[in-house]
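Welcome to this short tour! Keep your viewer open and get ready to select a few regions, one stop at a time.

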Amino acid sequence: MTVYCFTSATYSYLGRARVLAKTVREHHPDWVFCLCLCDVPPQAFDPAMDREMFDEVVSVTELGIPDLPAWMFRHNIVELSTAVKGKMLCRLLEKPDANSVVYIDPDIAIFNPLMHVMDLLKNHPVVLTPHQTEPETHPQGIVDNEIGSLKRGIYNLGFMAIANVPEGRRIAEWWRDRLLAYCRDDAENGLFTDQKWCDLIPALFENPAILRNPGYNVASWNLSHRPIRIDGHGQIFAADAPLRFFHFTKVDTAGEVMLERYGSESIALFELLRWYREAIRKQQPAEVPARYWYYGTYEDGTPIRRPERLIYRDRKDLQLAFPDPYRSGPESFQSWCTLHKGELSEKGI
């Protein structure tokens, strides 16, 4: 029986996905590693090379999602990259040799085998990792981390593992269905993409495993209790446990502010960041423009604005009138937006 592992990304995150793939292969060479792509390659890029980097590359167009252009248009880049996770998870669980499926975010790197995950899957249908496993003591930590978890979800869905057992499949199918309909960054209405949904898993499903080992899913949100150090043999530790995987969320952007806030006294942490930046630099293809996302523009190359996605998402009449909202030209949704700027202003323009 086989362990399938997958990540979901666009081409702007391909360098990160490749780093993840290399680290997974180093520590779990027997796993089958798959990439779900929510993108179309830029003209100068040859995607054939990634057929060598990954065991399987699956496009969002291969997931069997009904009314795909209309469905994709209702999501921004983060929402779409997370909304496909349930469909991809169920696709892999349907493989006849699948023992279990592990999802890992593309901005994660593995540093030691994930043995605790495999052990837990022998007796549990799902393994989740909480953002925090220790109470914060500093007021800023309470605001950033504990209140942050209350807003965005108790468990970090940069990682999830599902056993191919009836209860595991029931969880996967429930999550898939919720993400197809409600994968939104909409904190005011209690939603945060795929992640907030999983707060319900311990209440709705039997026997989930909550992995509290401090070496797993180390990131800015738990560094206050998991300081990074490197011993004389080069082994990396988090809170005196061997580091299993580090979540480099938003490196080079706002995420680094939080890393500095909670790890500024750790030279080892910044050595880790330096290694990761260099690893991405080597793996990110030069042919992919910065911030590239094929589904971020209309057919004529005009960027799609967030309020245009929101009004399309909220109006069934527009979805019926414009089944392919990416089109440009007369009688397109893009043209409709130009003619209805007043309605769009209510969405934030």
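Begin by selecting helix α12, residues 306–314. P307, E308, R309, L310, I311, Y312 and R313 are buried here, where buried means under 20% relative accessible area with a 1.4 Å probe, protein chains only. With seven of its nine residues buried, α12 is largely enclosed by the rest of the structure. Helices (H or I, at least four residues) and strands (E, at least two) are DSSP runs, numbered from the N terminus.

A word on the model: it is predicted, so local features need pLDDT of at least 70 and side-chain atom pairs pLDDT 80 or more, while totals for chains, interfaces and linings use all residues. Residues are numbered from 1 along each chain as its sequence is written, and side-chain values use heavy atoms, leaving out hydrogens and water.

Which strands form it, and in what order? It is an open sheet of three strands, ordered β11-β12-β13, with antiparallel pairing; strands pair if DSSP finds at least two bridges between them. β11 (228–230) and β13 (241–242) stand at the edges, each with a single partner strand, so one side of each has no neighbour in the sheet. Zoom in on β12 (residues 236–238), which pairs with β13 over two bridges. There, A238 stands opposite A241 in β13.

Key:
Buried means under 20% relative accessible area, exposed over 50%, partly exposed in between (1.4 Å probe, protein chains only).
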